[in-house]
Amino acid sequence: MCDAGSYRARQARSVGGSKGRLWTAAAAEEQSYEYGSMKYLLLCGLGGMVSCGLTHTAIVPLDLVKCRMQVDPGKYKGILSGFGVTLRDEGLRGLARGWAPTFLGYSMQGLFKFGLYEVFKIRYAELLGVKKAYEWRTGLYLAASASAEFFADVALSPMEAVKVRVQTQPGYASTLRTAAPRMYSEEGLWAFYKGVAPLWMRQIPYTMMKFACFERTVEALYKYVVPKPQSQCTKAEQLAVTFVAGYIAGIFCAVVSHPADSVVSVLNKEKGSTAFGVLRKLGFEGVWKGLFARIIMIGTLTALQWFIYDSVKVYFKLPRPPVAQAPEESFKKQK
């Protein structure tokens, strides 16, 4: 299956039965790299880099309107009207504003997010042992994804700051080449990292939901919805399950991370502002502005990210283990 519980392949990859094995062996297929090897982890990082970089860049117009709704709700009152105002003021080209820092920033974030998620998931599972890794698998997914996102946001922060400045501050700069040097000359290195704490507030809950909800949704889909065992599903059918589970996870991601996203947008726009100052200024109602646009954006984004990531794993013939099963069930099926 897709990435859902990749660390489980550690127990599934060997030939022959083992009473302590946590997951049943996947359908026999040629695999190019050993699960958990350095090459495997680097290719997982590459998959994350491709999936996050491409998807975030593809939705730059929607992200631009969403950010402007958050920082200037008086002018940008809704999604459709926001698009209309942008087209009237800046033309079609204006909708692509900020694409370069978006592509670079989210490519780096994807590299660390997916690559380190695999690393932490393997290591934490080894620390817990087979039985507890299964029983506490939701907590394991949450811990591994939070750990990975901590580092991913440090990689994202500089380009996120540039993106928001370009998209939401009229007349400041229109490109990465002009915005980054100006930000550094006026505010120093702090300009690129002052938003990292709000990014953690936004992205860590988002990523925890993204991975844990996805993993458990995949389990539920195969258990209650898909009419045949996962081992009998084609790669295309498994990728379809990946997409559906990704979209469901994305909806929850959007809701839990939206208030912090609003703070990040205003913080990076206003020079000298602080996270708590922005939060007080926006108030409860203000932090939820643009939520519907974010649900559409993040739902689609998350589904496509998982689909692309899993497709990369298929392309490179990386181990793609089955959904989780209790150790006792795995043993019974091997007899």
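# Reading a helical protein by its cut-offs

In this predicted model, among contacts between residues at least 6 apart in sequence, 80% join residues at least 24 apart.

Q: What are the elements of the protein, helices or strands?
A: The protein has 14 helices and zero strands.

Q: How many residues does the protein have, and what share of them counts as buried?
A: There are 335 residues, and 53% count as buried. Buried means under 20% relative accessible area.

Q: Why is Lys 317 called partly exposed?
A: Its relative accessible area is 36%. Partly exposed lies between the 20% limit for buried and the 50% limit for exposed. Therefore Lys 317 counts as partly exposed.

Q: Why is Gln 305 called buried?
A: Gln 305 has 1% relative accessibility. The cut-off is under 20%, so Gln 305 counts as buried. The residue belongs to helix H13.

Q: What does Gln 305 contact, leaving aside its neighbours within four places in sequence?
A: Its partners are Ser 51, Cys 52, Thr 55, His 56, Tyr 206 and Lys 210. Take Thr 55. Gln 305 and Thr 55 are 250 residues apart in sequence. In space they are 6.6 Å apart, C-alpha to C-alpha.

Q: What makes Glu 118 and Lys 313 a salt bridge?
A: The side chains meet at 3.7 Å, N to O. The limit is 4 Å, so the pair passes as a salt bridge. Glu 118 lies in helix H5 and Lys 313 in helix H13, so the pair ties together parts 195 residues apart in sequence. Both residues are buried. A search of the whole structure finds 18 salt bridges.

Q: How do you know that Arg 216 and Glu 219 are about one turn of the helix apart?
A: Both lie in helix H10 (residues 196–225), three residues apart. An α-helix has 3.6 residues a turn, so residues three or four places apart point the same way. The side chains of Arg 216 and Glu 219 meet in a salt bridge of 3.6 Å, N to O.

Q: Are Arg 216 and Glu 219 buried or partly exposed?
A: Arg 216 has 33% relative accessibility, so it counts as partly exposed. Glu 219 has 11%, so it counts as buried.

Q: What makes Lys 228 and Glu 237 a salt bridge?
A: Their side chains meet at 3.1 Å, N to O. That is within 4 Å, so the pair counts. Lys 228 is partly exposed at 29% relative accessibility. Glu 237 is partly exposed too, at 31%.

Q: Why is Asp 63 called buried?
A: Asp 63 has 9% relative accessibility. Buried means under 20%, so Asp 63 counts as buried. Asp 63 is found in helix H3 (residues 60–71).

Q: What makes the pair Asp 63 and Lys 163 a polar contact?
A: Their side chains are joined at 2.7 Å. The limit for N or O atoms is 3.5 Å. Asp 63, Lys 66 and Lys 163 are also linked in a network of salt bridges. Beyond neighbours within four places in sequence, Asp 63 contacts Lys 163, Gln 167 and Met 297.

Q: Which residues form the nonpolar patch on the surface?
A: Leu 46, Val 50, Leu 54, Trp 99, Phe 103 and Leu 104 form it, with about 520 Å² of accessible area together. Helices H2 (38–58) and H5 (99–128) each supply at least two of the patch residues.

Key: Residues are numbered from 1 along each chain as its sequence is written. This is a predicted model: local features need pLDDT of at least 70, side-chain atom pairs count only at pLDDT 80 or more; totals for chains, interfaces and linings use all residues. Side-chain values use heavy atoms; hydrogens and water are left out. Patches are made of residues with over 30% relative accessible area and no salt bridge: like charges are joined within 9 Å, nonpolar side chains (Val, Leu, Ile, Met, Phe, Trp, Tyr) within 5 Å. Accessible areas come from the Shrake-Rupley method with a 1.4 Å probe; for residues, only the protein chains shown count as cover. Helices (H or I, at least four residues) and strands (E, at least two) are DSSP runs, numbered from the N terminus. Buried means under 20% relative accessible area, exposed over 50%, partly exposed in between (1.4 Å probe, protein chains only). A polar contact is a pair of N or O atoms within 3.5 Å; within protein, one must be able to donate a hydrogen and the other to accept it, and residues adjacent in sequence count only if both atoms are side-chain atoms. Contact means heavy atoms within 4.5 Å.
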